[in-house]
Amino acid sequence: MITLKEGQYLSDVMDKIPSNCILSKRIPGCGATTLELDTNRSSILVVPNVPVIVSKCNKYDNLLGVYEGVNQSQIIEYLRENRIRKIMTTPESFSKVKSACEKCNINIYSDFFLLEDECHQLIKDVDYRTNIVMPMNDFFRFNCKALVSATPIGFSDPRFEENHFEIIEVTADYDYRQDITVTHTYNIAKAVGEYLESHNETVCFFLNSIIEIYSLIKHFNLDAAVYCAPKSRNKLKSEYGFTNAYTEWSAETMKKYNFFTGRFYTAFDLELPYKPDLVMITDPFNAEYTMLDIDTDCIQICGRFRNGINSATHIYRVNPEIIAKSREQVEWEISAHEFAYTTIQTLYNSADNKESRFAFGAVLETLPFRKFQYPDFTKNWFAIDNEINEVLVQSQYQSDILITEWYNECHFFNPTFTKCSYNENDEKLKIIKKCRSVKDKRRKMVQILSEIEEPFSEYALDYINDMRKIDPFIVDAYEVLGKDRIEELKYNQKKMNEEMILCQRKGNKVVLLIKNTFKIGNKYTNEKITEELTRIFDLMHIHPEKTIKGSMIKDYFQVVEWRDKNNRGYMLISELI
């Protein structure tokens with residue numbers, strides 16, 4: 001264990017980062033990356049995002065940044081011109097560095113120290129950014145290597161144990177905890193509005209949803225700048241006409257209100273001559289990917305400001321419908337998926353004809369365990385760790401009690417808890433609830449929905465969710481069909497449901513249409529069955545080889561035959577599909 005005194009950095013207590021270690025520095029901004037850049041040896045630093053590379057390259061003349069747009073010839077030129085080489089690369093561009101070394105006859109594994117910086121991102125991001133872990137296949141081949149993070153997550157990959165990795169923990173002999181106001185709300189916009197009324201200085205918002213960011217900017221008419229990924233910037237400009245969006249941060253582009261997406265949560269220095277207010281926002285109802293991991297995301301975000309912050313606030317909602325799971329439950333589920341995959345793989349390997357092998361191979365690609373494998377079918381331990389971590393984080397947002405306990409147990413924060421009340425007795429909702437008939441209620445709801453301006457503000461999204469609680473079907477129908485089509489169908493539920501099935505393109509549409517028409521427990525004549533099946537098949541442009549007749553209902557339901565003096569048909573007992 002290494003202990004820092006107040007004002008000390010890692011360079012004050014150690015000469016270099018040792019090999020085969022995971023440096024758990026616990027305190028963001030204590031200088032681990034800087035220590036490696038200043039150490040007199042050739043190094044490759046793999047970092048998760050481009051902004052930190054740009055930031056560090058502006059400070060170090062001899063540092064080469066490698067990311068999209070930097071070609072192999074530039075890397076080769078740098079390698080030939082420098083004796084001590086410092087390269088900072090994204091995971092996706094690591095292969096370019098490796099290839100350039102081969103062309104220069106440089107043994108990358110013996111000539112470079114490899115540092116995986118912000119190593120928690122290997123687990124946090126691998127579900128949507130699979131290539132982030134690709135350098136790890138080379139990582140263990142380096143003679144000298146290490147990982148570092150202020151918020152490391154335990155690795156299950158057995159290669160760490162096989163290579164005798166040790167954890168070096170960096171702590172402090174002073175109180176480094178960050179004061180934070182933790183606000184639970186049922187309406188994000190209302191909580192943000194109350195916050196803005198009491199904070200008049202520069203505010204930096206961290207919210208991983210471009211749609212919600214723009215909704216807040218528009219709702220409060222904010223003079224704002226947005227820092228995000230290139231695709232998000234293009235979306236803001238092309239769809240919303242918002243021009244103050246940037247893929248790189250600079251103090252010159254800052255406004256009074258500034259929004260940062262997940263691209264800027266880690267490994268990035270925000271150096272300002274003043275201390276801004278910081279607000280983190282989590283809304284699991286409207287965007288699951290805004291859920292912040294208090295032990296990693298929240299600590300990292302607070303650590304972005306090298307000159308400190310004036311205040312920190314986390315505004316969040318919870319979703320009681322989230323199914324909470326323990327680590328043991330998630331691990332058991334993954335193990336069950338692996339067993340199923342192994343079983344089918346055995347059948348695939350032992351198949352004695354081409355047809356069976358093809359069928360089992362197709363099944364293997366659809367099994368849940370496939371997402372926990374690399375393209376070469378070896379086990380991806382980082383993907384497994386990601387699944388466990390993600391489910392555990394989501395489970396915490398089931399209730400404010402769990403969030404309160406989480407903050408109280410986190411070593412980094414000194415929390416103060418508040419609530420922002422939300423009045424659900426909106427006058428329009430009262431009017432909806434007073435409608436005498438279902439049809440009148442639905443007419444009123446469709447009218448109100450059509451009057452809400454898009455893109456939806458945060459308040460509008462909350463309001464729509466409240467209407468969904470009153471009548472989920474008509475809200476879904478409006479979102480799929482729109483006002484005009486609903487009115488053309490005269491609010492007929494069967495017809496609306498039928499069109500929704502066609503539009504949504506979910507699953508087997510024929511089966512869904514049949515289930516929409518035929519109900520368990522009812523009797524249908526052969527004539528009625530033939531008529532409805534013919535209509536549905538025509539609707540789907542399906543032309544069965546055999547004649548359509550009443551007995552075809554047996555393909556979809558368990559039935560009992562019935563007859564009376566004039567009719568014959570079937571009673572539906574249960575679904576077969």
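**Entry 1: the overall picture**

I counted the pieces first: the chain has 24 helices and 19 strands. Here helices (H or I, at least four residues) and strands (E, at least two) are DSSP runs, numbered from the N terminus. I'm working with a predicted model, where local features need pLDDT of at least 70 and side-chain atom pairs count only at pLDDT 80 or more, while totals for chains, interfaces and linings use all residues. Residues are numbered from 1 along each chain as its sequence is written, and side-chain values use heavy atoms, with hydrogens and water left out.

I then boxed up the C-alpha atoms along the principal axes and got roughly 100 × 70 × 45 Å. Of the 577 residues in the chain, 50% are buried. Buried means under 20% relative accessible area, exposed over 50%, and partly exposed in between (1.4 Å probe, protein chains only). I also looked at contacts (heavy atoms within 4.5 Å). Among those with a separation of 6 or more, 68% are between residues 24 or more positions apart.

**Entry 2: the nonpolar cores**

A nonpolar core is a set of buried Ala, Val, Leu, Ile, Met, Phe, Trp, Tyr and Cys residues joined through side-chain atoms within 4.5 Å. Which residues touch the most other members of the largest one? They are Leu147 and Phe160, in a core of 50 residues. Helix α15 (residues 381–396) gives this core its largest share, five residues. I listed the contacts of Phe160, skipping neighbours within four places in sequence: Ile22, Met136, Phe139, Phe140, Leu147, Phe155, Phe165 and Phe382. Another core lies apart from this one, with 40 residues, including Leu272, Leu292, Ile294 and Val318.

**Entry 3: aromatic rings**

I found 27 aromatic pairs. Rings of Phe, Tyr and Trp (its six-membered ring) pair if their centres lie within 6.5 Å; planes under 30 degrees apart count as stacked, over 60 as edge-to-face and the rest as tilted. Tyr174 and Tyr176 make an edge-to-face pair, 6.5 Å centre to centre with 80° between the planes. Tyr174 has 22% relative accessibility, so I put it down as partly exposed. Tyr176 comes out at 17%, so it goes down as buried.

Tyr214 and Phe242 are edge-to-face too, at 6.4 Å centre to centre and 75° between the planes. Tyr214 sits in helix α10 (residues 210–220) and Phe242 in the loop between α11 (230–240) and β12 (245–246), so this pair ties together parts that are 28 residues apart in sequence. Tyr214 and Phe242 are both buried. I also noted a cluster linked by ring pairs: Phe206, Tyr227, Tyr246, Phe260, Phe264, Tyr265 and Phe305.

**Entry 4: pockets and a cavity**

On a 1 Å grid over the protein atoms alone, a cavity is a set of points where a 1.4 Å probe fits but cannot get out, and a pocket is an open set with protein on both sides within 12 Å along at least five of seven lines; lining residues have an atom within 4 Å of a point. Grid points are joined across faces, edges and corners, and a volume is the space filled by probe spheres set on the points.

How much space lies in the largest pocket? I got about 1600 Å³. It has 44 lining residues, and the closest to its centre are Asp125, Tyr128, Asn208, Gly262 and Arg263. The lining splits into 13 nonpolar, 16 polar and 15 charged residues. For these classes, Ala, Val, Leu, Ile, Met, Phe, Trp, Tyr, Cys and Pro count as nonpolar, Asp, Glu, Lys and Arg as charged, and the others, Gly among them, as polar.

The second largest pocket has about 610 Å³. Of its 22 lining residues, Ile27, Pro28, Gly29, Tyr174 and Arg306 are the closest to its centre.

I found one cavity of 30 Å³ or more. The largest cavity holds about 50 Å³ of space, and its lining has six nonpolar, one polar and three charged residues.

**Entry 5: positive phi**

Most residues other than glycine have a negative phi. Asn20 has a phi near 55°, and its place is the loop between β1 (2–4) and β2 (21–24). Arg26 has a positive phi of about 60° and lies in the loop between β2 and α1 (32–38).
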